[in-house]
Amino acid sequence: MRIALLSASAEHPDFPGERLAFRRFVGKTVLAHQIELAVALDCEQIICFASGVSQDMIACQKLAERAGARFSLIESNRQLAGLVTAADQLIILADGLLCDNTVALDHLGKQTAILAFPAEDAVPLGHERIDQNTAWAGVMHVHGSLAEKLNQLPEDSDPISSLLRIALQTGAKTILMDDTLLKEGHWSLNEAPEVRTSREKAWFARLVTPAPYHAPGLAIAERVGLRLARDLMGGALERLPWLIAVASGIGAAGAVALERPLVGLGCALAMTTATAIGNVFERLSSGGKPSSAKWRIGTVIRLAGDVLIAGLLSATITAPIGWLKLFIPLVLLALLWMGERRGASPWRISYADRIILLSVLYPAAIMGFTLEAACALIAIVIAALYLVPNGTRDELDVEEPSKRLTAD
């Protein structure tokens with residue numbers, strides 16, 4: 001069995017009383033980020049050294065259990081020896097470490113090793129020196145048999161540091177990593193709050209590229225989403241954009257049933273805006289890596305939203321021929337979907353901008369010009385599709401407007 005060994009005991013050297021493990025980064029504690037890494041490394045059990053239980057610790061325990069891992073809180077080395085057997089594998093993370101999960105997964109996914117940095121770069125940043133030239137990066141993968149040797153040490157010895165020394169004495173492999181990770185802030189132990197804030201902004205920018213301004217509705221909504229994410233990510237309000245989107249969608253559907261299409265269009269505008277913000281939150285919380293399942297769900301949500309928009313627009317159109325009321329909105333939306341797939345690649349995101357679409361059609365509907373506005377938009381889209389050189393289908397990923405939020 002693979003077991004993660006974490007610690008939440010150390011305090012920041014420059015900020016007494018502040019535990020390194022409970023500093024917050026993009027809305028989550030450092031310990032929560034470490035638990036996510038442990039789960040990604042297929043750890044079935046997570047053991048944490050700490051004295052006392054806090055709300056942050058309880059939240060971390062729930063996070064681990066939701067991911068399917070057992071969580072054990074211990075206070076002594078002897079307790080650890082009773083939880084780990086010689087057949088187990090240990091993933092050990094230094095107290096307070098924030099690291100690049102992708103790099104850790106690449107190096108420790110299938111092999112036992114101690115990750116290290118050049119000492120001259122890492123030691124001044126708080127990393128423990130291994131020898132004259134290297135310092136521990138704060139992550140290692142070792143055999144569970146090493147835990148038994150803690151019983152031979154004084155009870156008050158630091159378990160993480162002791163296991164590092166034991167692993168080195170038994171000849172564990174050391175992997176020297178690129179010090180660029182330290183210099184660019186992707187790997188840190190105890191940075192000051194202002195450095196952490198700067199790193200958060202860089203982390204957001206690395207994961208998410210907002211829509212360009214030729215899709216103005218999405219561009220504004222996604223930038224608002226990035227700003228809100230700094231305050232809401234990891235908290236109880238993280239799902240708020242999705243809750244607003246769902247509530248607005250229900251309101252729009254109810255407005256159709258009650259024959260109040262103008263109210264429904266207002267709800268649809270709120271729904272599309274909240275969805276764009278929610279997509280930003282979703283991408284950030286998943287580390288910028290959407291799954292194929294999310295691709296299908298995102299497409300279904302967009303199709304359902306467009307059906308709703310078509311029905312609302314139809315209800316505001318006055319036409320001499322009844323079927324034109326629905327035909328015109330369907331043609332408009334079909335052309336927009338075609339533009340997303342076959343239009344000139346720099347402009348494809350513009351066709352996906354339902355926020356600006358509704359921002360144009362909602363005032364037109366209030367003034368009674370929905371038909372004229374929709375026909376004008378159809379003409380514009382057709383002109384754009386045939387006058388601007390087309391790209392190939394492979395150039396666009398069409399899960400949803402915000403799947404274009406790219407990860408480096």
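**Ground rules.** I am working from a predicted model, in which local features need pLDDT of at least 70 and side-chain atom pairs count only at pLDDT 80 or more, while totals for chains, interfaces and linings use all residues. I number residues from 1 along each chain as its sequence is written, and side-chain values use heavy atoms, with hydrogens and water left out.

**Whole chain.** I find 16 helices and 11 strands in the chain, taken as DSSP runs numbered from the N terminus (H or I, at least four residues, for helices; E, at least two, for strands). Of the 408 residues, 49% count as buried, where buried means under 20% relative accessible area, exposed over 50% and partly exposed in between, with a 1.4 Å probe and protein chains only. The chain exposes about 19,000 Å², of which carbon and sulfur atoms supply 60%; the areas come from the Shrake-Rupley method with a 1.4 Å probe. Among contacts (heavy atoms within 4.5 Å) between residues at least 6 apart in sequence, 75% join residues at least 24 apart.

Asp-42, by contrast, counts as exposed at 55% relative accessibility, and it lies in the loop between H1 and strand S6 (45-49). Most residues other than glycine have a negative phi, and I therefore checked for another exception. Glu-259 has a positive phi of about 60° although it is not a glycine; Glu-259 lies in the loop between helix H10 (240-257) and H11 and counts as exposed at 68% relative accessibility.

**H9 against H11.** I then turned to helix H9 (residues 216-232) and H11, which pack at an angle of about 50° with their axes 8 Å apart. That makes H9 oblique to H11, since angles under 35 degrees count as roughly parallel, over 145 as roughly antiparallel, 65 to 115 as roughly perpendicular and the rest as oblique. The contact includes Leu-218, Ala-221 and Gly-225 of H9 and Ala-276, Ile-277 and Phe-281 of H11. By class, the contact has 12 nonpolar, two polar and one charged residues, with Ala, Val, Leu, Ile, Met, Phe, Trp, Tyr, Cys and Pro counted as nonpolar, Asp, Glu, Lys and Arg as charged, and the others, Gly among them, as polar. Also in H11 (residues 261-285) I noted Glu-282, which is partly exposed at a relative accessible area of 22%.

I finally looked up Asp-306 in helix H12 (residues 292-316), which counts as buried at 7% relative accessibility. Leaving aside its neighbours within four places in sequence, Asp-306 is in contact with Leu-333, Trp-337 and Arg-354.

Key:
Axes are lines fitted to C-alpha atoms, for helices over the stretch in contact, and angles run from 0 to 180 degrees between N-to-C directions.
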